[in-house]
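Biologist: I have not worked with this structure before. Could you show me how to read its features one at a time?

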Amino acid sequence: MTPAQSLRDFNNYPVLPLRDVVIFPSMIFPLLIGRPGTLAAVERAMLGERRLMLLAQRDPNLEDPAPSDLYSVGVVANVLQTLKLPNGLVKVLVEGLHRAEVLDFAQTENSFDVRVRPLSVTDTSVLETRAQMKVAARRFREFVSLNRQLPDEVLITLSNLNDPEHTADFMFAHLPLPIEKKQQALEQSSLLEQFRIINATLEEEIEILKIERSVEGQVREKISRSQRIYYLQEQLRVIKKELGEETDEDYSDVIAYRKKVRKAKMPKLVRARADEELDKLKGMPMMSPEASVIKNYLDWVCAMPWGTTTKDNLDLADAERILEEDHFGLKKPKERILEHLAVLARVEKIKGPILCLVGPPGVGKTSLARSIARAMGRNFVRLSLGGVRDEAEIRGHRRTYIGSMPGRIIQSMKRAASMNPVFLLDEVDKMAADFRGDPAAALLEVLDPEQNNTFSDHYLEVDFDLSQVLFITTANLRSEIPLPLQDRMEVIEIHGYLRYEKLQIARNFLIPKQVKEHGLAADELGLPDQTIFSIIDVYTRESGVRELERMIARICRKVARENIKHPGRKLQLEPDRLEKFLGVPLFKENVVEQGNRIGSAVGLAWTSMGGDVLNIQASIMKGKGNLLLTGRLGDVMKESAQAAVSFLRSRGAPWGVPENFLKDHDIHIHIPEGATPKDGPSAGITLATALLSAIIGRPVPPDIAMTGEITLRGNILPIGGLAEKVMAARRAQIKKIFVPATNRPDWADLDAELHKDISIQFVDHIEEVWQDIFASKRGKARSNRRSSRSVSPRIS
């Protein structure tokens with residue numbers, strides 16, 4: 001471009017940055033502005049000559065562009081009108097006047113001012129430019145006629161333009177070019193080059209629009225042809241019917257489906273619905289989309305196991321043998337199934353129970369359900385609910401949706417091929433809800449014995465009887481199961497396996513299975529009991545046996561490899577050789593800390609992998625009465641610690657706690673293994689006991705553990721997971737446990753093996769624990785208080 005030389009043409013204007021648009025001279029365009037800088041620029045323009053410098057942004061996503069983020073060439077525009085909108089934005093109508101180039105920027109309070117010089121467009125070949133303009137005008141008319149987005153009024157405006165420069169700017173404004181291309185056109189100084197760009201762009205756009213029109217025409221022709229064929233087929237059918245020449249070949253699909261419907265043992269209402277769909281199918285062309293939807297529906301209805309049941313195995317002895325053969329332990333669920341079979345033997349039909357097996361991973365919940373089906377002689381079907389978020393996964397989609405199909409309940413019943421299978425709903429605690437609905441709410445009807453005899457799937461739209469199904473659900477955490485679902489199920493807690501139970505499972509199930517799967521002979525690998533115990537203790541840390549099975553498989557692989565090198569070798573694997581096969585032990589024995597026990601007490605914790613012991617530590621030091629809690633404690637456990645401190649302040653005097661012991665001392669409570677999150681209220685009595693030990697300087701014996709929630713009155717509230725906590729205490733060689741008295745029934749319900757080698761003391765109040773641990777010192781503490789009004793706490 002050739003800049004005008006007159007210095008008086010160098011003017012200052014406020015800058016208005018543009019996003020996603022380039023405005024050309026003589027173009028009137030509405031702008032919506034809301035950024036503080038652009039609002040300030042418009043206000044300053046309205047106070048002056050109503051002129052703005054419009055510059056396009058290089059990056060339209062920038063909210064507050066700097067001078068380097070703007071193109072240097074733009075358009076000086078006149079502000080025709082401004083209108084403030086209710087939402088705070090301002091609508092500005094601008095008219096482009098002429099091109100201009102920025103010489104420099106000047107920062108104002110909220111925006112920029114620029115000094116610019118006008119730019120002119122040169123015409124080096126008038127005749128060729130005129131020729132290019134005529135070609136461009138002709139192509140532009142063809143482009144507008146093909147493009148439905150441009151009104152015909154555009155052509156009227158074009159016909160009134162005689163100036164080549166204005167014509168080029170008008171065409172650029174209406175061409176679908178990217179911002180970068182439009183900016184290049186704005187910066188182009190040669191009018192001839194501008195028309196060359198316009199002609200090349202129009203030629204490409206016209207070809208694209210012609211292809212689009214061709215594709216649309218082909219689709220329209222295909223649809224019209226289908227409609228014509230349908231109309232002619234209907235006419236032919238009516239003519240044949242009038243002449244009495246209607247044949248079975250015209251309804252071969254309908255006849256085949258009628259045979260299927262007649263063969264299926266459908267209830268009356270379902271049969272009536274199927275006949276209704278068949279009548280619809282008879283009246284429409286077989287190749288129409290609606291006919292395909294009806295055929296798919298009839299396929300599903302006919303495939304359901306209406307009236308088909310399997311005969312239950314009512315031989316209790318045989319059923320019990322199968323259950324014991326497949327699983328070791330698991331006494332409660334086995335008894336419940338045998339009770340169901342006993343009742344079934346006395347009455348012809350009862351509603352299937354809905355059992356919920358809750359326990360840690362790897363204890364055999366899923367495999368037990370399969371074993372129950374085998375013991376009862378029923379078909380088995382499994383549905384995993386982990387990660388299910390859509391209600392339609394349970395109830396299905398309505399037939400109005402493309403590709404719709406029944407929900408997973410109906411799909412599973414089709415696979416089961418009977419009305420009374422054992423139906424496993426796995427991981428029922430891992431469902432989630434989102435904007436598509438709550439699958440747990442849809443399961444309420446499935447798992448309600450009073451409703452599931454008329455379960456309605458959105459796709460089938462007929463009642464389906466689920467009352468004969470034996471539903472078994474599984475979960476890892478009872479607290480994660482929605483309460484309405486829990487109310488409809490009989491929850492059976494399955495605890496982690498004991499050490500001796502894992503030995504029996506490994507001996508009777510896991511080792512034979514892995515030896516067979518790895519192609520070993522029964523005598524090629526020997527694992528003594530002590531070796532299995534060593535694997536359990538130092539290579540696995542779990543409630544179930546999954547990791548134990550992996551370790552046995554790992555040994556079998558190494559033995560198979562060795563036997564390839566040395567055929568006929570028989571291995572008796574002793575504990576001292578385990579490290580060669582399994583590597584360095586993964587876990588160390590979970591024993592209680594020894595040494596200085598002042599300020600330390602042993603708590604018991606429940607985890608999703610079983611139980612664990614907590615070595616809770618408390619220290620007293622000079623300070624200002626602060627309480628510091630470390631070890632990655634959750635909010636509930638922090639509150640338990642605060643409750644323990646408050647109880648000691650209010651009720652600790654008889655045990656040697658000075659009245660104002662917090663005033664001049666800080667308390668630090670720490671639970672080791674700081675990377676592991678810890679939470680829950682059951683460490684309350686342990687926290688209080690460790691703190692009292694630190695204050696009075698009396699140690700807590702290392703073979704004593706305790707669990708229970710403490711109140712501000714010192715009462716001990718019940719806890720959960722007693723079996724797992726007792727197992728953890730046994731592993732840590734604990735000899736005595738303090739347990740809330742309200743958990744006495746839970747203790748009586750535990751396996752007899754857990755009662756061995758451990759003493760349980762039931763307590764209602766924290767002072768009963770202290771009486772047992774600190775009794776020998778209590779009298780001395782009282783005599784000390786008689787001789788002195790205050791006793792300094794002992795710092796550990």
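This is a predicted model: local features need pLDDT of at least 70, side-chain atom pairs count only at pLDDT 80 or more; totals for chains, interfaces and linings use all residues.

Modeller: Start with a pair of helices: α17 and α18 are roughly perpendicular to each other, because their axes cross at roughly 115 degrees. Residues are numbered from 1 along each chain as its sequence is written, and side-chain values use heavy atoms, with hydrogens and water left out.

Biologist: Where are α17 and α18, and within what distance do their axes come?

Modeller: In general, two packed helices are described by the angle between their axes and the distance between the axes. Helix α17 covers residues 499-517 and helix α18 covers residues 529-538, with axes that come within 10 Å. Axes are lines fitted to C-alpha atoms, for helices over the stretch in contact, and angles run from 0 to 180 degrees between N-to-C directions.

Biologist: Which residues of α17 and α18 meet?

Modeller: Contact means heavy atoms within 4.5 Å. On the α17 side they are Arg-499, Lys-502, Leu-503, Ala-506, Arg-507 and Ile-511, and on the α18 side Asp-529, Ile-532, Phe-533, Ile-536 and Asp-537. By class, this contact of α17 with α18 has six nonpolar, no polar and five charged residues. The classes are nonpolar (Ala, Val, Leu, Ile, Met, Phe, Trp, Tyr, Cys, Pro), charged (Asp, Glu, Lys, Arg) and polar (the others, Gly among them).

Biologist: What is the angle between α10 and α11, and how do they lie to each other?

Modeller: Helix α10 (residues 316-326) and helix α11 (residues 331-346) have axes that come within 10 Å and cross at roughly 160 degrees. They are therefore roughly antiparallel to each other. Their crossing is right-handed. From α10, Leu-316, Ala-319, Glu-320, Leu-323 and Glu-324 make the contact, and from α11, Lys-334, Leu-338, Leu-341 and Ala-342. That contact of α10 with α11 has six nonpolar, no polar and three charged residues.

Biologist: At what angle do α21 and α22 pack?

Modeller: Helix α21 (residues 635-651) and helix α22 (residues 684-696) pack at about 45 degrees, with their axes 9 Å apart. That pair is therefore oblique, and its crossing is right-handed. Met-637, Ser-640, Ala-641, Ala-644, Val-645 and Leu-648 of α21 meet Gly-684, Leu-687, Ala-688, Leu-691, Leu-692 and Ile-695 of α22. The classes for α21 with α22 are ten nonpolar, two polar and no charged residues.

Biologist: How many helices and strands does the protein have?

Modeller: There are 25 helices and 25 strands. Helices (H or I, at least four residues) and strands (E, at least two) are DSSP runs, numbered from the N terminus. Among contacts between residues at least 6 apart in sequence, 74% join residues at least 24 apart.

Biologist: What share of the 796 residues is buried?

Modeller: Of the 796 residues, 46% count as buried. Buried is under 20% relative accessible area, exposed is over 50%, and partly exposed is in between (1.4 Å probe, protein chains only). Ala-442, in helix α15 (residues 439-446), is buried because its relative accessible area is 2%. Not counting residues up to four places away in sequence, Ala-442 touches Glu-391, Ile-394 and Arg-395.

Biologist: Is Lys-134 buried or exposed?

Modeller: Lys-134, in helix α2 (residues 126-146), is exposed, with a relative accessible area of 62%. Lys-134 and Phe-195 are 61 residues apart in sequence, and their C-alpha atoms are 9.6 Å apart in space.

Biologist: Which phi value does Ser-26 have?

Modeller: Phi of Ser-26 is near 70 degrees, a positive value in a residue other than glycine. Ser-26 lies in the loop between β2 (11-18) and β3 (28-33) and counts as partly exposed at 39% relative accessibility. Arg-50, also not a glycine, has a positive phi of about 60 degrees and is found in the loop between α1 (36-47) and β4 (51-56).

Biologist: How many disulfides does a search of the whole structure find?

Modeller: A disulfide is a covalent bond between the sulfur atoms of two cysteines. The search, which looks for a pair of cysteine sulfur atoms within 2.5 Å, finds zero. Cys-356 counts as buried at 0% relative accessibility, and Cys-556 is buried with a relative accessible area of 0%.

How values were computed
Angles under 35 degrees count as roughly parallel, over 145 as roughly antiparallel, 65 to 115 as roughly perpendicular and the rest as oblique. A crossing is left-handed if the near helix is turned anticlockwise from the far one by less than a right angle, and right-handed if clockwise.
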